[in-house]
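Subject: Structure handover

Hello,

My notes on it follow.

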Amino acid sequence: MWHRIIVLSCMWSAFFVFHSQGQQINIGAFFYDNELELEKEFLEVINAINGPESEQTLRFFPLIKRLKPEDGSVTMQEQACDLVDNGVAAIFGPSSKAASDIIALVCNNTGIPHIEFDVADEEHLEERPNHQMTVNLYPSQVILSKAYADIVQNFGWRKFTIVYDADDVKAAARLQDLLQLREVHNEVVRVKKFHKDDDFRVMWKSIRGERRVVLDCAPGMLVELLNASSEFGLTGQFNHIFLTNLDTYTDHLEELSADNETFSVNITAARLLLNPDPPPYSQPYGYVIQKDDIVYESNESPRTLLHDLIHDALHLFEQSWRNASFFYPDRMAVPRITCDFASSGGRTWAMGRYLTRLMKGTSGVNSTNFRTTSLQFDEDGQRITFNIEVYDPLDGIGIAVWDPRGQITQLNVDAKVQKKIIYRVATRIGPPYFSYNDTAVELNMTGNAQYQGYAVDLIDAIAQEMGFEYLFIPVADQQYGKLDKDTKQWNGIIGEIINNDAHMGICDLTITQARKTAVDFTVPFMQLGVSILAYKSPHVEKPLDAYLAPFGGEVWMWILISVFVVTFLKTIVARIAKMEWENPHPCNRDPEVLENSWDIHNTGWLTVASIMTAGCDILPRSPQVRMFEATWWIFAIIIANSYTANLAAFLTSSKMEGSIANLKDLSGQKKVKFGTIYGGSTYNLLADSNETVYRLAFNLMNNDDPSAYTKDNLEGVERVQKNRGDYMFLMETTTLEYHRELHCDLRSVGEKFGEKHYAIAVPFGAEYRSNLSVAILRLSERGQLYDLKQKWWKNPNASCFEEPDPDATPDMTFEELRGIFYTLYVGILIAFLIGITEFLVYVQQVALEERLTFKAAFNKEIRFVLCVWNNKKPIVAGTPVSSLRTTPRRSIDKSLERTPKSNRRIVLGRFSEEMREMAQGSGSGSGSGSSSPVNPKTKQQEARV
């Protein structure tokens with residue numbers, strides 16, 4: 001079975017070769033008089049397809065018709081019919097200069113394949129039946145428009161301007177996807193048209209400051225357009241222009257950068273991705289030829305996209321003819337029809353329609369026969385599959401490739417030489433982020449060396465991480481960036497970036513939704529919120545009598561008066577109470593006298609001990625004295641507890657200065673004014689918020705006269721210090737912490753609100769944004785961001801009084817309680833002075849009675865005093881009565897009887913009653929002792945003792 005199939009195949013191939021050998025196929029083409037280069041390309045490709053005569057199996061013979069710009073549809077119809085009468089198998093052209101589709105109509109009526117290689121008008125639904133024989137190799141305008149939209153979206157552009165030639169009727173079709181964005185985002189996507197005879201500067205001036213431009217124009221006027229935009233800053237280093245014309249590489253843009261030093265705009269263009277010719281590789285672009293990644297100059301005329309499409313069109317027809325001849329060798333003959341016969345209802349060339357179907361079904365993916373890649377068509381003959389290469393027209397090197405699926409693949413271009421760029425960093429003066437270095441200014445240093453701050457160190461760390469050079473540019477107006485609603489222009493740092501005067505902006509710049517519509521941001525390098533800056537009264541050292549502050553001087557006076565009056569009255573009441581008189585000698589049932597213990601001393605001690613919450617050994621017995629004492633105790637408890645309750649409040653700084661604890665409290669009063677930076681992020685937070693508290697605060701600030709707003713943080717800090725509590729300032733917590741470290745008279749009120757982030761602002765689509773973000777994340781992971789903040793926020797020389805936490809239990813320090821300690825020390829000192837005085841008097845008495853010197857008596861007594869472990873003192877003749885204080889009264893009486901009157905000494909510290917009893921006992925003893933001798937036994941006992 002297989003042998004028969006192989007034999008039949010060989011026989012069929014031999015028959016085909018024999019039948020087609022030497023066959024001549026006429027093909028017609030239309031070219032205008034100024035398209036000689038295209039005509040030359042057409043003939044060269046035919047010769048290449050035919051090959052040497054000895055190897056020809058078929059031979060294409062060109063029949064060319066030349067047109068003039070003034071030729072109309074009648075002339076073209078006559079020439080087309082002439083080609084049909086001459087038996088052409090296909091008609092190529094004409095280019096898009098033809099204003100009529102008469103060629104397509106003639107081919108459709110006769111069945112001759114019609115192959116176009118230039119852009120054509122978009123077909124309407126009712127026109128499609130008249131173009132069934134037409135195949136166009138130029139990319140479909142619908143698919144090309146989608147490709148441009150995908151590329152712009154891949155750039156990350158959120159705001160841009162579309163500029164195109166108003167005289168080009170096909171421009172709107174290939175930009176339709178981008179133009180539709182204008183209907184949705186009118187303020188983001190703008191459209192500008194120009195005419196060839198216009199003054200281009202007027203158009204460029206109307207979009208001055210625009211950073212992203214989609215430009216669609218013919219290559220011949222591109223250089224003139226870009227030159228006209230230079231004086232308006234559109235060709236600066238931070239602009240990006242996307243060129244949509246597929247023939248842009250034929251216009252010599254390298255001349256712009258060579259002749260103009262300020263021409264540093266980032267230009268990208270689109271072109272069809274081309275397959276390389278068979279080795280050795282040689283692909284011409286314009287006036288240069290690229291071989292082995294090296295660009296050589298060439299004297300050849302410029303090669304356009306139409307040259308490559310003519311090449312592909314001829315190869316497409318040649319491939320389809322060979323395929324049809326393989327299947328229908330006996331029917332693939334030169335057509336013999338005329339226009340008149342076909343138009344009168346005669347039959348058309350049937351194989352022509354078959355050839356058209358073969359060409360529409362061709363897949364040129366990864367085919368080396370075609371210069372352009374992915375050659376496929378839809379049922380209407382429109383090319384729907386192709387690849388777009390995004391490249392840099394200044395050096396001709398590809399950057400990315402768009403495919404029909406909408407995917408964009410980045411190309412690794414190692415040969416492209418990166419220009420050395422010194423990045424301009426816009427910032428504003430404002431410590432601790434950015435300020436002048438006084439030492440550097442005195443030394444007349446210039447450049448980055450004259451600046452210091454957190455932002456300076458951060459950019460330097462990022463530059464070391466990424467390896468780039470930079471230059472700080474402080475903005476003239478010292479503004480962060482606010483949109484003027486009348487002029488639609490941004491000021492400050494944001495304006496510098498938009499106007500192409502800076503690559504990036506850094507300071508305490510907050511990410512806001514309004515700013516994100518104008519610029520892009522990196523990942524945040526600092527997280528913060530908003531808090532209230534208030535004035536803090538200077539710390540005043542507490543006086544020595546601070547512990548007396550809970551009560552006023554009048555209260556203390558009344559307390560002292562009450563103590564003395566109660567003491568006197570209690571003594572009187574106790575003396576008239578019968579139950580308070582008791583027997584001093586309980587063993588004696590018939591005492592001669594009664595004793596009342598509530599003398600002025602004991603009464604005064606009990607009164608003071610009660611108010612000091614201390615105890616006492618003696619207590620009243622009678623009802624009236626107990627009632628009196630109970631009433632005094634109630635008074636003492638209330639006084640003591642009131643003093644204790646108010647003591648902490650008067651001795652600590654835990655009380656907040658005023659009743660304002662948050663933004664709600666601040667908005668609910670009118671005594672203290674408050675404000676923020678006009679147009680800053682905090683201003684926008686309150687202005688754009690729907691929360692009641694935020695809106696109320698914003699309205700109060702707007703109604704204040706004079707204005708509550710400031711131009712910067714420094715002015716707000718000075719205003720808080722100047723008003724001394726009558727003005728508060730809303731500011732970011734990080735800046736607030738910095739000023740608190742510098743000024744001891746500032747404090748923070750309440751918790752932070754409105755979470756914010758600081759980041760570096762960059763232009764939209766900046767290629768270095770992702771690298772900056774990666775560098776910031778690396779610095780954060782290594783802890784360098786934390787170290788930088790500690791360096792610039794913490795003041796090592798600060799000696800401010802640290803305000804305690806109002807929510808915590810206040811801790812009393814020695815400063816608040818030192819008066820109490822000093823009072824204790826003074827009381828102890830007075831007690832010691834009294835005791836020392838009494839001791840010296842006692843030593844002098846001992847020296848006189850024992851006939852000793854004062855020094856000997858002092859040494860004797862002081863040694864006994866210092867023996868604190870000995871609590872017993874021997875009783876000897878001449879011992880002072882004070883040492884007998886704890887001796888029973890009977891023993892004391894006996895001792896006094898044995899002791900001569902001359903040897904008795906006054907006892908210090910005894911009660912008056914005891915002294916009187918001792919005196920009476922001494923009198924009786926001396927009377928009897930003078931007439932009776934001293935007992936010897938008693939002397940021996942005393943000597944033993």
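Arg851 is exposed, as its relative accessible area is 78%. The model is a predicted one. Arg851 sits in the loop between H28 and H29, and its phi is positive, about 55 degrees, although it is not a glycine. Most residues other than glycine have a negative phi, and most peptide bonds are trans.

Arg724 is another such case: it is not a glycine, yet its phi is positive at about 55 degrees. Arg724 belongs to the loop between H24 and E29. With a relative accessible area of 56%, Arg724 counts as exposed because the cut-off for that class is over 50%.

Thr613, which follows H19, also has a positive phi, near 55 degrees.

Two cis peptide bonds should be noted as well. One runs from Gly93 to Pro94, with omega near -5 degrees. Pro94 is part of the loop between strand E3 (88-92) and helix H4 (102-110). The other runs from Asp705 to Pro706, with omega near 10 degrees. Pro706 is placed in the loop between helix H23 (692-703) and helix H24 (713-723).

**Helix H19**

How far apart are the end C-alpha atoms of helix H19? They are 17 Å apart. Helix H19 covers residues 600-611, twelve residues, and at 1.5 Å a residue it should span 16 Å, so the two values agree. Buried residues in H19 are Thr603, Gly604, Leu606, Thr607, Ala609, Ser610 and Ile611.

**A buried glutamate**

Is Glu35 buried or exposed? Glu35 counts as buried, because its relative accessibility is 5% and the limit for buried is under 20%. Glu35 is found in the loop between strand E1 (23-32) and helix H2 (36-50). Its C-alpha atom is separated by 9.1 Å from that of Arg66, and the two residues are 31 residues apart along the chain.

**Cavities**

Rolling a probe the size of a water molecule over the atoms shows where empty space is left. How many cavities of 30 Å³ or more are there? The count is four.

The largest cavity holds about 100 Å³ of space. Its lining is made up of 13 residues, and those closest to its centre are Tyr480, Ile677, Gly680, Ser681 and Glu732. Helix H22 (681-688) and strand E29 (727-732) each contribute at least two residues to this lining. E29 has the largest share, with three residues. By class, the lining of the largest cavity has four nonpolar, six polar and three charged residues.

The second largest cavity holds about 50 Å³. Its lining consists of Gln479, Tyr480, Gly481, Lys482, Asn491, Arg515, Ile677, Tyr678, Gly679 and Gly680. These residues divide into three nonpolar, five polar and two charged. Tyr480, Ile677 and Gly680 line the largest cavity and line the second largest cavity too.

**Aromatic rings**

A pair of aromatic rings is described by the distance of the centres and the angle of the planes. How many aromatic pairs does a search of the whole structure find? It finds 36.

One of them is formed by Phe839 and Phe858, with 5.9 Å centre to centre and 70 degrees between the planes. This pair is edge-to-face, because the angle is over 60 degrees. Phe839 is in helix H28 (residues 814-849) and Phe858 is in helix H29 (residues 854-866), so the pair links parts of the chain that are 19 residues apart. Phe858 counts as partly exposed because its relative accessibility is 29%, which falls between the cut-offs of 20% and 50%.

Ring pairs also link a cluster of Phe31, Phe42, Phe60, Phe92, Phe117, Phe317, Trp321 and Trp349.

Charged side chains lie over rings in two places listed here. Arg271 lies over the face of Tyr391, 3.9 Å from the ring centre. Lys789 has its charged end over the ring of Trp793, at 5.9 Å from the centre of that ring.

Regards

Methods
Residues numbered from 1 in each chain as written. Predicted model: local features only at pLDDT ≥ 70, side-chain atom pairs only at ≥ 80, totals over all residues. Heavy atoms only, no water. 1 Å grid on protein atoms, 1.4 Å probe; cavity = no way out; pocket = protein on both sides within 12 Å on 5 of 7 lines; lining within 4 Å. Points joined across faces, edges and corners; volume = space filled by probe spheres on them. Helix = DSSP H or I, 4+ residues; strand = E, 2+ residues; numbered from the N terminus. Nonpolar A, V, L, I, M, F, W, Y, C, P; charged D, E, K, R; others polar. Phe/Tyr/Trp six-rings, centres within 6.5 Å; stacked < 30°, edge-to-face > 60°. Buried < 20%, exposed > 50% of the residue type's maximum accessible area, 1.4 Å probe, protein only. Lys NZ or Arg CZ within 6 Å of the ring centre and 35° of its normal. Expected span 1.5 Å × (residues − 1).
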